[in-house]
Amino acid sequence: MKVIKVKDYQELSQYASKIIIDLIKEKPNATLGLATGSSPLGLYENLIESYKKGEISFKDVKTFNLDEYIGLPKTHKESYYSFMHRNLFDHTDIRKENINLPNTEGEDIEKEVKRYNDSFNQASIDLQLLGIGSNGHIGFNEPGTPFDKETSVTKLAENTREDNKRFFNSMDEVPEYAITIGIKNILQAKKILLIANGKNKADAINKLINGEVTEDFPASALKNHPDVTIVIDEEAAELI
Ligand code: GLP
C-alpha cells in the first residue's frame with residue numbers, strides 16, 4: 001500500500017483527481033469504479049473542471065458504482081443514482097449507457113444482485129475509487145463480511161446509519177439495507193485509490209495502515225491487493 005499524506009481536503013482532492021485525469025488521458029475508454037459519500041466530492045469537482053477545460057472527455061469512459069440504498073427511489077436526492085448525476089455525470093459528456101449502478105427500484109432484488117454482479121465481473125475495472133467508513137467499511141461491506149463475498153444485499157451497521165444521518169431529516173429516513181458489490185469484486189480492480197479526510201477517519205486509517213488483516217475490519221482486505229494508493233489529509237493521518 002502506498003500512503004500519500006497531504007495537508008488538507010483541497011490537496012487530497014487535487015492529488016486524487018490527477019490520478020484519474022491522467023488515467024483517462026492515457027486510456028480514454030477507461031472503466032472506473034466509483035464511490036459516493038462526501039470524500040470524493042472535491043475530486044469530482046476537479047474532474048468536471050478538467051472536462052470543461054477540454055483536457056479530458058468521458059465520451060468513452062465506463063463507470064460502475066459500488067452500491068445503492070434499498071428503499072429510496074432514484075429520484076430521491078440521497079439515492080446514489082441522484083448523487084452521481086448531480087455531482088458528476090450531469091456535468092460531463094458521459095453516455096447514459098456507460099453508467100452502471102445497482103437498480104434497487106424493481107420488485108426482484110435478488111435478480112438485480114445477480115445482474116449487477118455479472119455485469120461488474122464482465123467489466124475490467126482500471127481504477128476503483130474508495131472512501132472508507134469510520135468502522136472500516138468499503139462500499140457497504142460492513143465489519144464481519146467475508147472477503148470472498150460478491151455483490152449482495154447488506155444490512156447497514158447502526159454506526160454507518162448514524163454517520164449517514166447527516167444527509168437525511170431524521171434517523172427513520174436513513175435506509176437500513178443496500179446492494180453493494182463485495183470485497184472480492186473490489187479486489188479485482190487493476191488499481192485501487194482510497195481517499196480519507198478528517199478526524200472522524202483517523203482511527204480507521206490507523207487500523208488500515210497498522211492493524212492486522214481481518215474480516216472484522218473490511219478495508220484491511222486491501223492489503224491483499226498489489227496496487228493500492230491511499231491519499232489522506234493531516235487529520236485522517238493523526239493516529240498513524
Ligand atoms: C458510505 C458509502 C461508502 C463511503 C463511506 C464514507 O456510506 N457507502 O462508499 O466511502 O460511507 O462516506 P464519507 O465519504 O461520506 O465519509
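Guide: The ligand takes up the space of the largest pocket. The model is a predicted one, and the values that follow are computed from it.

Around the ligand there are 15 residues, and those that come nearest are Ser38, Ser39, Asp67, Arg166 and Lys201. Sorted by class, this shell holds eight polar residues, four nonpolar ones and three charged ones.

Some individual contacts can be picked out. In the side chain of His137, an N or O atom is 3.0 Å from an oxygen atom of the ligand. The side chain of Asn164 also has an N or O atom 3.0 Å from a ligand oxygen. With Gly139 the backbone takes part: one of its polar backbone atoms is 3.3 Å from a nitrogen atom of the ligand. On its own the ligand has 390 Å² of accessible area, and the protein covers 95% of this.

As for the setting of this site, the protein chain is made up of seven helices and ten strands, among other parts. Its radius of gyration is 17 Å, close to the 18 Å that the globule rule gives for 240 residues, so the chain is as compact as a globular protein of that length. Along the principal axes, the C-alpha atoms of the protein chain fill a box of roughly 45 × 45 × 35 Å.

How values were computed: Residues numbered from 1 in each chain as written. Predicted model: local features only at pLDDT ≥ 70, side-chain atom pairs only at ≥ 80, totals over all residues. Heavy atoms only, no water. Near = heavy atom within 4 Å. Polar contact = N/O pair within 3.5 Å; in protein donor to acceptor, adjacent residues only side chain to side chain. Areas by Shrake-Rupley, 256 points an atom, 1.4 Å probe, with all protein chains shown as cover. 1 Å grid on protein atoms, 1.4 Å probe; cavity = no way out; pocket = protein on both sides within 12 Å on 5 of 7 lines; lining within 4 Å. Sits in = over half its atoms within 2 Å of the grid points. Nonpolar A, V, L, I, M, F, W, Y, C, P; charged D, E, K, R; others polar. Helix = DSSP H or I, 4+ residues; strand = E, 2+ residues; numbered from the N terminus. Rg over C-alpha atoms; globule rule 2.2 N^0.38 Å.
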